[in-house]
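Reader: I want to go through the labels used on this model, one at a time. Please give the value and the cut-off for each.

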Amino acid sequence: MAVTGIERGMLKRCYLLAGMSTDPRTRNGAIAHPAYDDAEFSGWNHHATSAPDDGTRASRLRRMIHAEEDAIMTAALEGVSLKGGTLYAAWASCSACARL
């Protein structure tokens, strides 16, 4: 399947969002588009500030909010359904995010 110019542009923007990640080892960016309008919701990997952190890598990974989760949560907070929409991400999603 060929990538369209619009999709290529979205992926480039996802790579830019990935640069905002707070964890240099897990940089990813995502953009979610609802099926019915031109709104878009972006996200990038970052650590949840409300979770406890003991300074270990395992603790940081438990606190990680993935780019796909961030984009979907942003849409949900705005009351926008993404059913039938499209999610673009700079990298392949993990198994948990692929199920979202």
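Reader: Which residue is the bridge partner of His33 in β5?

Author: Thr86 is the bridge partner of His33. A word on the basis: this is a predicted model, where local features need pLDDT of at least 70, side-chain atom pairs count only at pLDDT 80 or more, and totals for chains, interfaces and linings use all residues. Residues are numbered from 1 along each chain as its sequence is written, and side-chain values use heavy atoms, without hydrogens or water.

Reader: How many bridges join β1 to β2?

Author: Also 4 bridges, and again the strands run antiparallel. Within β2 (residues 41-44), Gly43 stands opposite Ala30.

Reader: Why are β2 and β5 called edge strands?

Author: The order is β2-β1-β5, an open sheet of 3 strands with antiparallel pairing. β2 and β5 each pair on one side only, which makes them the edges. Neighbouring strands are turned by 15° against each other on average, direction ignored. Such angles run from 0 to 180 degrees between N-to-C directions, with axes fitted to C-alpha atoms, for helices over the stretch in contact.

Reader: What packs on this sheet?

Author: Helix α1 does, touching β1, β2 and β5. The direction of α1 makes about 135° with that of β1. Helix α3 also lies across β1, β2 and β5, and runs at about 145° to β2. Touching means contact: heavy atoms within 4.5 Å.

Reader: Why is β1 called largely enclosed?

Author: 5 of its 5 residues (29-33) are buried, so the rest of the structure largely encloses β1. Buried means under 20% relative accessible area, exposed over 50%, partly exposed in between (1.4 Å probe, protein chains only). Gly29, Ile31 and His33 point one way, Ala30 and Ala32 the other.

Reader: Is Gly5 buried or exposed?

Author: Exposed: its relative accessible area is 52%. Gly5 belongs to helix α1.

Reader: How do you know that the buried residues of α3 share a side?

Author: They are Ala67, Glu68, Asp70, Ala71 and Ala75. They cover an arc of only 165° around the axis, which puts them on the same side of α3. The arc is taken from the directions from helix axis to C-beta atoms. The face turned away carries the exposed residues Ala76 and Leu77.

Reader: Which residues make up the largest nonpolar core?

Author: Met10, Cys14, Leu17, Ile31, Tyr88 and Ala90, 6 residues in all. Helix α1 gives the most, with 3 residues. A second, separate core of 5 residues includes Ala32, Ala67, Ala71 and Ala89. A core is a set of buried Ala, Val, Leu, Ile, Met, Phe, Trp, Tyr and Cys residues joined through side-chain atoms within 4.5 Å.

Reader: Why is the Tyr15 and Trp91 pair called edge-to-face?

Author: A search of the whole structure finds 1 aromatic pair. The ring centres of Tyr15 and Trp91 are 5.5 Å apart and the planes stand at 85°, so the pair is edge-to-face. The cut-offs, for rings of Phe, Tyr and Trp (its six-membered ring): centres within 6.5 Å; planes under 30 degrees apart are stacked, over 60 edge-to-face, the rest tilted. Tyr15 lies in α1 and Trp91 in the loop between β5 and α4, so the pair ties together parts 76 residues apart in sequence. Tyr15 is partly exposed, at 41%.

How values were computed. Helices (H or I, at least four residues) and strands (E, at least two) are DSSP runs, numbered from the N terminus. Two strands pair if DSSP finds at least two bridges between them.
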